[in-house]
Amino acid sequence: MVNTKKMMKMICSHSFPKKKAGELSIFTNINFFWFTLGALKGVKSTQQCFKAEPTDIFLTSPKSGTTWFKALIFTIMNRDRFDFSSHPLLTKGHHDNLPFLEAIIRNEASYNDYRISSSPHCLFATHIPYSLLAISVMSFGCKIVYVFREAKDVFVSNWHYMKNLRPKDLPSFPIEDAFDLFCKGVSHYGPFWNHELGYWNASLENPDKVLFLNYEDMKKDPVVCVTKLAKFLDKPFCLEEEREEVGQKIVRLCSFENLSSWK
């Protein structure tokens, strides 16, 4: 685990290797990972301010189905609170139900409100590498779900995402250049394989605390994966729920047709 105080001193010094990706993105390397300035601020805020609770649950899946898995985890954990016909996912965006830790921690009022309203289980998404998570996350043994996706699909998804963010008056960022940087590990929270390996090793060491899920397996048989996910989160389906096909209902509610209508 990286020394938090040492890392914060390093962040404030701004004396890190930097690389440019296109006209807008400047990546800074810390502890062998690359971050944009915005991401770096999120990591800093998390390291300095976040205090985990033992019941917190974290999802990390950089460009690997974050939106889909946010909906699935929220529905699994709250299925005894909401009816499927009037579920909040039908009217409320997924970021409100399962916010990114790096973003919400920087707004004290929003963070405190979320803590109160989500008790006893706060659900957070994050892109932070395992080695840079707040120490309290590991100290309390919080549940972590990591979603792994084929590297080529992660790259293409990330390239399209960044391309859509670029102002129209700037020249396009060629996919060949983006691919070259990705292969060198220079990408958001990259290198991709280092990010994946950190959580993979953690899942081997603590399989009851870190679940490593494959995105492609989820697409092939979502009900099986949802059942596995529910068990890991200590919310397994009971016999009555199995008879009522609750797993199938969750998959339908969180389908791409429903997710595509979110803003």
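**Before selecting**

This is a predicted model, in which local features need pLDDT of at least 70 and side-chain atom pairs count only at pLDDT 80 or more, while totals for chains, interfaces and linings use all residues. Residues are numbered from 1 along each chain as its sequence is written, and side-chain values use heavy atoms, with hydrogens and water left out.

**Whole chain**

Display the entire chain as a cartoon. The chain holds 15 helices and seven strands; these are DSSP runs numbered from the N terminus, helices being H or I of at least four residues and strands E of at least two. Of the 263 residues, 51% are buried, where buried means under 20% relative accessible area, exposed over 50% and partly exposed in between, with a 1.4 Å probe and protein chains only. Among contacts (heavy atoms within 4.5 Å) between residues at least 6 apart in sequence, 73% join residues at least 24 apart.

**The open sheet**

Select β4, β5, β6 and β7 next. In which order do the four strands of this open sheet lie? The order is β5-β4-β6-β7, with parallel pairing; two strands pair if DSSP finds at least two bridges between them. β5 (123-125) and β7 are the edge strands, each pairing on one side only. Direction ignored, neighbouring strands of this sheet are turned by 20° against each other on average.

Now inspect the individual pairs. β4 (residues 57-60) is joined to β5 by three bridges, the two running parallel, and F58 stands opposite F124 in β5. β6 and β7 pair in the parallel sense over five bridges; here Y146 faces F212 of β7 as its opposite residue. Colour β7 by accessibility: four of its five residues are buried, so β7 is largely enclosed by the rest of the structure.

**Helix α12**

Select residues 222-232, which form helix α12. Its buried residues are P222, C225, V226, L229, A230 and F232. They cover an arc of only 160° around the axis, which puts them on the same side of α12; the arc is that of the directions from the helix axis to the C-beta atoms. The cover over these residues includes α3 (66-77), β6 (143-148), β7 (210-214), α11 (215-220) and α14 (246-253). Just beyond the helix, D234 has a positive phi of about 65°.

**Two partners of α12**

α3 and α12 pack at an angle of about 55°, with their axes 10 Å apart. Axes are lines fitted to C-alpha atoms, for helices over the stretch in contact, and angles run from 0 to 180 degrees between N-to-C directions. The two helices are therefore oblique to each other: angles under 35 degrees count as roughly parallel, over 145 as roughly antiparallel, 65 to 115 as roughly perpendicular and the rest as oblique. L72, I73 and I76 of α3 make the contact with V226, L229 and A230 of α12.

α12 and α14 pack at about 110°, their axes 9 Å apart, which makes α12 roughly perpendicular to α14. The contact joins P222, V223 and V226 of α12 to Q248, I250 and V251 of α14.

**A loop residue**

Finally, select S187, in the loop between α9 (175-183) and α10 (192-205). Is S187 buried or exposed? At 8% relative accessibility, S187 counts as buried. Leaving aside neighbours within four places in sequence, S187 is in contact with F27, W34 and F182.
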